[in-house]
Amino acid sequence: MEQIPASIWTLTAGVVVTLISFWVGHHHGLLPEQASEQAPLVDNFFDIMLTIGTALFLVVQGAIILFVIRYRRRAGEEGDGLPVEGNLPLEAFWTAIPALIVIFLGIYSVDIFQRMGGLNPGDHAMHSMHTPKPAVAVVAEAPSKTTSDATALLAAAQTPEIGIGASPDVQGKAPDVVVDVAGMQYAWIFTYPDSGIVSGELHIPVGKDVQLNISARDVIHSFWVPQFRLKQDAIPGVPTELRFKATKVGTYPVVCAELCGGYHGAMRTQVIVHTPDDFETWRSQNQAIATAPVVPSLSDRHVEEMGVTPQLVAQVQAMTHHPSPAKF
Amino acid sequence: MAQAQLPLVDTPLSLPEHPKVWKWYDYFTFNVDHKVIGIQYLVTAFIFYLIGGLMAVAMRTELATANSDFLDPNLYNAFLTNHGTIMIFLWVVPAAIGGFGNYLVPLMIGARDMAFPRLNALAFWLNPPAGALLLASFLFGGAQAGWTSYPPLSTITATTAQSMWILAIVLVGTSSIMGSVNFIVTIWKMKVPSMRWNQLPLFCWAMLATSLLALVSTPVLAAGLILLLFDINFGTSFYKPDAGGNVVIYQHLFWFYSHPAVYLMILPIFGIMSEVIPVHARKPIFGYQAIAYSSLAICCVGLFVWVHHMFTSGTPPWMRMFFTISTLIVAVPTGVKIFSWVATLWGGKIRLNSAMLFAIGLLSMFVLGGLSGVTLGTAPVDIHVHDTYYVVAHFHYVLFGGSVFGLYAGIYHWFPKMTGRLLDERLGILHFVLTFIGTNLTFLPMHELGLKGMPRRVAMYDPQFEPINLICTIGAFVLAFSIIPFLINIIWSWNKGKIAGDNPWGGLSLEWTTSSPPLIENWEVLPVVTKGPYDYGIEQRKESTDEDEDEEE
Ligand code: HEM
Ligand SMILES: [Cu+2]
Ligand SMILES: [Cu+2]
């Protein structure tokens with residue numbers, strides 16, 4: 001061992017650390033399925049941070065363990081270590097390296113955030129109000145007759161300025177589907193303003209540009225779909241939005257992530273991502289009954305565990321008469 | 001509390017006719033001696049730590065299964081709220097700032113007491129009523145809105161208990177402002193003239209930064225909370241959206257204090273680390289100035305990162321970006337400190353006793369907590385994991401790994417100074433091993449829970465998360481048991497432990513130049529600083545170079 005120069009050991013350690021870090025960064029399996037346009041962006045960024053983090057962790061932890069073993073005081077040993085109080089180049093080096101890493105991560109996160117649509121909440125409002133031109137084109141593509149001029153304006157008037165907005169490829173366009181989402185203790189109510197459908201579960205078509213207008217009726221809630229990597233608080237008095245494309249057909253949990261009272265943990269429902277055809281079927285089936293008051297599908301579990309009272313059910317029914325709830 | 005009977009070893013100057021140390025009952029009075037106040041803070045904080053810990057164990061027991069079958073969900077939230085509040089406001093902050101700060105600052109700078117001893121005692125005596133208020137609030141259902149107490153939830157649930165919670169926080173806030181003024185004046189004005197600024201122990205630098213930070217941020221919290229109190233009790237509507245108020249304003253006021261509050265907790269602990277590591281590694285601290293100034297840098301940048309707690313709340317895009325960047329920047333001075341401590345170990349003669357083990361344990365846990373903190377600081381990832389168990393994992397790595405390990409390191413290190421007796425090392429090492437295993441077992445798996453989709457602050461959760469939660473709960477029980485050897489050790493050693501002598505570790509900072517426990521007024525004759533607090537090995541080197549020179553002649 002003594003013959004091998006220290007630099008070779010350092011080099012080998014460096015290579016091993018790099019390999020382990022890359023492996024961990026790509027095989028950690030810590031994140032759930034990706035089901036929205038935003039998910040791969042977030043995951044890539046997370047993987048990069050995890051790779052860098054693993055490397056730093058191994059290096060620092062390795063140094064600690066190495067030093068503790070190598071420089072521990074043996075029995076009978078007296079005296080102090082060699083006094084070294086500082087080393088300017090070394091200190092500059094390890095200030096510069098983290099500084100460079102965080103500058104890189106900072107710039108990269110702005111880029112990711114922009115691609116997620118984070119910089120454009122309310123985007124469609126501004127464009128459709130000031131430059132109404134693209135609306136027509138979108139209407140043609142839209143699966144439903146969502147964006148008649150009236151609804152577009154209505155949506156525009158309500159469009160929140162906070163949340164995740166249009167991603168660059170749909171910037172300036174009206175969304176394909178708009179859903180009003182209202183959080184209340186302890187349920188989510190989804191209202192489709194164009195059809196008057198009210199539901200306790202979110203149904204959306206895959207691959208379409210969906211905008212959720214989020215509001216809260218009592219306390220703060222937080223709308224989270226882990227598989228979409230998207231979360232936005234529902235804040236009483238402050239309208240917020242989430243705009244995304246679901247990329248995979250399936251059923252995913254909708255979770256309330258902000259403490260909203262005793263049964264916060266039970267405030268769970270589902271988002272069902274349909275194929276466009278299935279979505280149409282679901283829509284036409286439900287539109288028929290939407291004119292009559294419908295109780296959102298609160299399951300038995302909700303009633304049992306969450307103490308959903310008859311008053312609550314009545315309240316929910318009352319809401320269905322006002323197709324666009326929101327706002328205090 | 002057998003201090004009174006201790007022989008005053010190594011203090012030839014002590015005169016038998018007037019008492020040199022305090023009697024046990026002095027600890028239950030409005031005593032103005034900084035050492036008495038320091039121990040009062042430490043013991044009270046420790047009692048609250050046990051209470052907060054019991055609440056945590058109750059919560060983890062509930063979380064062993066997916067259903068809500070052990071605690072009523074509202075009681076769960078009351079435990080959750082009070083656990084967080086007690087751990088922060090009645091354990092880490094009072095123990096680190098009030099306890100170690102009061103005990104050590106005057107001793108380290110060669111002063112006889114703090115600048116304003118009566119103010120100091122008053123500041124301490126605000127704490128027990130605050131704790132009593134929190135505990136009494138359980139008679140009214142207990143505050144249930146989390147330690148953040150966001151309105152509107154906090155204005156509508158358990159309102160009496162919530163008001164008591166607010167009063168309790170305002171009391172500890174007042175205490176912390178009083179303490180900060182005292183520390184700043186004491187450090188500024190009262191260090192012995194022979195001590196240059198660059199000989200000031202790093203713990204004192206940390207206390208200076210902490211106090212400045214507390215002075216700037218605490219009044220904002222108090223203001224925010226008092227408005228909340230008005231909303232709850234007097235019909236105002238600062239935060240009521242249906243009457244023109246804004247719920248997001250509260251969050252800004254709250255986090256403007258409470259983000260810096262995490263530095264209030266961690267900076268004094270960093271100070272403790274900078275004292276413990278060089279003594280037991282027998283090496284000068286590496287990069288004294290880097291460590292001192294990075295405390296000040298953390299405290300400046302730390303005032304501009306609060307919105308990273310609000311990325312998913314009512315936050316406009318530019319704010320998300322600005323605060324992502326400022327948050328990432330704080331990682332740099334923090335990293336500088338970590339590297340400096342690791343470098344201090346290099347080439348040392350490391351004594352692996354309990355104090356050092358806890359300090360090294362802190363290093364390794366804090367590295368992980370810091371790295372997950374960087375991921376949380378960036379808006380894209382934070383949006384996914386905010387308010388999930390990933391965050392719970394992160395802040396327990398920082399708070400348990402970073403604060404509790406540091407406090408334990410400090411206790412093992414200065415117990416001989418405070419009591420004149422040594423703690424038992426075997427029990428200490430057992431305590432360390434159990435704590436280290438327990439902490440990692442409890443909090444490491446929580447990262448995965450959060451990433452996979454489990455929100456925090458829930459008494460019931462999706463059954464798919466049950467297996468991992470069970471591991472966390474087992475870890476929490478290991479943690480609960482880890483406290484037993486520690487308690488036995490403290491109680492037994494305080495009475496019967498080996499006599500420590502004035503300077504059992506061969507420390508060079510001034511507190512080791514007086515007797516153990518120090519006499520009232522600390523010194524017969526104030527010490528004169530002749531060398532730096534971390535000059536380990538320098539004498540030795542001088543001698544050996546002198547010898548070399550002799551040989552050459
Ligand atoms: C005995 C070990 C500990 C265990 C088992 C434990 C466990 C827990 C649990 C289960 C929660 C609830 C998480 C949630 O539902 O969001 C929690 C929250 C919290 N803990 Fe601990 N904890 C421990 C020690 C500590 C320490 C030492 C501190 C601080 C110094 C601390 C600070 C907090 C805070 C601030 C919260 C958040 C409370 C809130 O969300 O309102 N914990 N802890
Ligand atoms: Cu909710
Ligand atoms: Cu909730």
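User: How do the axes of helix α3 and helix α6 of chain B cross?
Analyst: Keep in mind that this is a predicted model. In chain B, the axes of α3 (residues 117-125) and α6 (residues 159-190) come within 8 Å and cross at roughly 155°.
User: So what does that make α3(B) relative to α6(B), parallel or antiparallel?
Analyst: Roughly antiparallel, because the crossing angle is over 145°.
User: Which residues make the contact?
Analyst: From α3(B) you have L119(B), N120(B), L122(B) and A123(B), and from α6(B) there are S175(B), M178(B), G179(B) and N182(B). By class, the residues of this α3(B) and α6(B) contact are 4 nonpolar and 4 polar, with no charged ones.
User: And the crossing, left-handed or right-handed?
Analyst: α3(B) passes α6(B) in a left-handed crossing.
User: OK, switching to the ligand. Which residues come nearest to ligand 1?
Analyst: There are 25 residues around ligand 1, and the nearest are H83(B), W147(B), H396(B), R456(B) and R457(B).
User: What about R456(B) and the oxygen atom of ligand 1?
Analyst: A polar atom in the side chain of R456(B) is 2.7 Å from an oxygen atom of the ligand. With R457(B), a polar backbone atom lies 2.7 Å from an oxygen atom of ligand 1.
User: And how does H396(B) sit against a nitrogen atom of the ligand?
Analyst: An N or O atom of the H396(B) side chain is 2.8 Å from a nitrogen atom of ligand 1.
User: Which helices each supply at least two residues of the shell?
Analyst: In chain B, those are α1 (34-63), α2 (73-109), α13 (389-419) and α15 (466-496). The shell around ligand 1 has 18 nonpolar, 4 polar and 3 charged residues.

Note on methods:
Residues are numbered from 1 along each chain as its sequence is written. Chains are lettered from A and ligands numbered from 1 in the order in which they are written. This is a predicted model: local features need pLDDT of at least 70, side-chain atom pairs count only at pLDDT 80 or more; totals for chains, interfaces and linings use all residues. Side-chain values use heavy atoms; hydrogens and water are left out. Axes are lines fitted to C-alpha atoms, for helices over the stretch in contact, and angles run from 0 to 180 degrees between N-to-C directions. Helices (H or I, at least four residues) and strands (E, at least two) are DSSP runs, numbered from the N terminus. Angles under 35 degrees count as roughly parallel, over 145 as roughly antiparallel, 65 to 115 as roughly perpendicular and the rest as oblique. A crossing is left-handed if the near helix is turned anticlockwise from the far one by less than a right angle, and right-handed if clockwise. Contact means heavy atoms within 4.5 Å. Ala, Val, Leu, Ile, Met, Phe, Trp, Tyr, Cys and Pro count as nonpolar, Asp, Glu, Lys and Arg as charged, and the others, Gly among them, as polar. A residue is near a molecule or strand if one of its heavy atoms lies within 4 Å of it. A polar contact is a pair of N or O atoms within 3.5 Å; within protein, one must be able to donate a hydrogen and the other to accept it, and residues adjacent in sequence count only if both atoms are side-chain atoms.
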